[in-house]
Amino acid sequence: MDSLSLLELNSLVRRSLEQCLPDEYWIQAELSDVRSNTTGHCYLEFVQKDPRSNNLVAKARGMIWNNIYRLLKPYFEESTGQLFTSGIKVLVKVTVQFHELYGYSLTVLDIDPAYTLGDMARRRREILLQLEEGGGLTLNKELEMPGLPQRVAVISSATAAGYGDFCHQLQHNPGGFYFYTELFPALMQGNQVEESVLVALDRINARINEFDVVVIIRGGGATSDLSGFDTYLLAAACAQFPLPIITGIGHERDDTVLDSVAHTRVKTPTAAAELLIHQVTEVAEHLEELSVRLQQGAYMLLEQEQRRLEALQIRIPNLVHRKLADARFSLLAAKKDLSQVAKALLARQSHRLELLQQRIADASPDKLLS
């Protein structure tokens, strides 16, 4: 009975695969266990999961040689705004390899960032649709921005250059307006973005009356690894937050889910500071306009009253003369009436006395006796 050694069998498998699968193939898969060593080579696993049960249905070991990896990684991250790391879906060009000692593997030659961008966009759409169905998509946008948003809660990394730019911009605003800022530190990159930002939001919510607005900023680093801002829990927390949220995450690509639910989205931390300064400046200018209008209105009212007093001053002598003339005429008429009334009264009384005198004379005893 003929037999083969393991090495001979593996060599046969390698030659067979090389003959059967000599070409390059584009495959869709999810990255897993991505790591690189000091030589610059990247070792990883490609996996495929059942969409219903999420169980693994296929797995293959993969690698990217140094000369490919040092070009492929920055190209992918610059194109997608996403780190080349475990958990993302990719479309890669590979060749099939089989090594007698290390077994079956796939060697990566190229990558198509558009596929990953499409998958990220699909996940964003699913999250936004879920928020919309729950009625929370526009809740934060419907909040009214305070007229003077001067008490600012900032969620950022304390060492981020963007945070320093934001504070410098506020402190050196042209109008000299005062802004109070308080930092609530959070991780802005990596797998802990969601958790750390949620913790910061909880801390702000515990002191909700001390702030006017929340600013989430990120800047000064690579534009990659924005996936932490594309999660349902973080988006729901921001959408339902009771203060307006401004995001300045510092990237030029499509909005993250967090950007989509925030009250206002700007591109950079500096732009977030400029937005707050503009808001306060507009209110200050409106107050200045009201002050000028109030002053002008007071002057106009005083001028009107001055003219009215001058007109009254002119009219008073004429009114006095008229009143005196009317009073003099009334006195003359009353004098005449009084004289006539007195004469008539005296005449009546005189006539009455004459009648009484006649009655007395008629009742005289001498006249009665005679």
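To compare two helices I first need their axes, which are lines fitted to C-alpha atoms over the stretch in contact, with angles that run from 0 to 180 degrees between N-to-C directions. I also keep in mind that this is a predicted model.

**Entry 1, two packed helices.** I looked up helix α3, residues 113-133, and helix α6, residues 232-239, and found that they pack at an angle of about 40° with their axes 10 Å apart. Angles under 35 degrees count as roughly parallel and those of 65 to 115 as roughly perpendicular, and α3 and α6 are therefore oblique to each other. I then checked the hand of the crossing of α3 and α6, which is right-handed.

I turned to strand β1, residues 24-36, which runs antiparallel to strand β2, residues 42-49, and is joined to β2 by five bridges. Which residue in β2 is the bridge partner of R35? I found that the partner is Y43. Between β1 and β2, which form a hairpin, I noted five residues, and in the turn G40 has a positive phi of about 90°.

I followed β2 onward to strand β3, residues 56-64, with which β2 pairs in the antiparallel sense over eight bridges. Here C42 has I64 in β3 as its bridge partner. This hairpin of β2 and β3 has six residues between the strands, and N54 in the turn has a positive phi of about 65°.

Last, I looked at a nonpolar surface patch of about 420 Å², made by L309, L312, I316, V320 and L324. I placed L309 in helix α8, which covers residues 269-362.

Methods:
Residues are numbered from 1 along each chain as its sequence is written. This is a predicted model: local features need pLDDT of at least 70, side-chain atom pairs count only at pLDDT 80 or more; totals for chains, interfaces and linings use all residues. Side-chain values use heavy atoms; hydrogens and water are left out. Patches are made of residues with over 30% relative accessible area and no salt bridge: like charges are joined within 9 Å, nonpolar side chains (Val, Leu, Ile, Met, Phe, Trp, Tyr) within 5 Å. Accessible areas come from the Shrake-Rupley method with a 1.4 Å probe; for residues, only the protein chains shown count as cover. A salt bridge is a side-chain nitrogen of Lys or Arg within 4 Å of a carboxyl oxygen of Asp or Glu. Helices (H or I, at least four residues) and strands (E, at least two) are DSSP runs, numbered from the N terminus. Two strands pair if DSSP finds at least two bridges between them. Angles under 35 degrees count as roughly parallel, over 145 as roughly antiparallel, 65 to 115 as roughly perpendicular and the rest as oblique. A crossing is left-handed if the near helix is turned anticlockwise from the far one by less than a right angle, and right-handed if clockwise.
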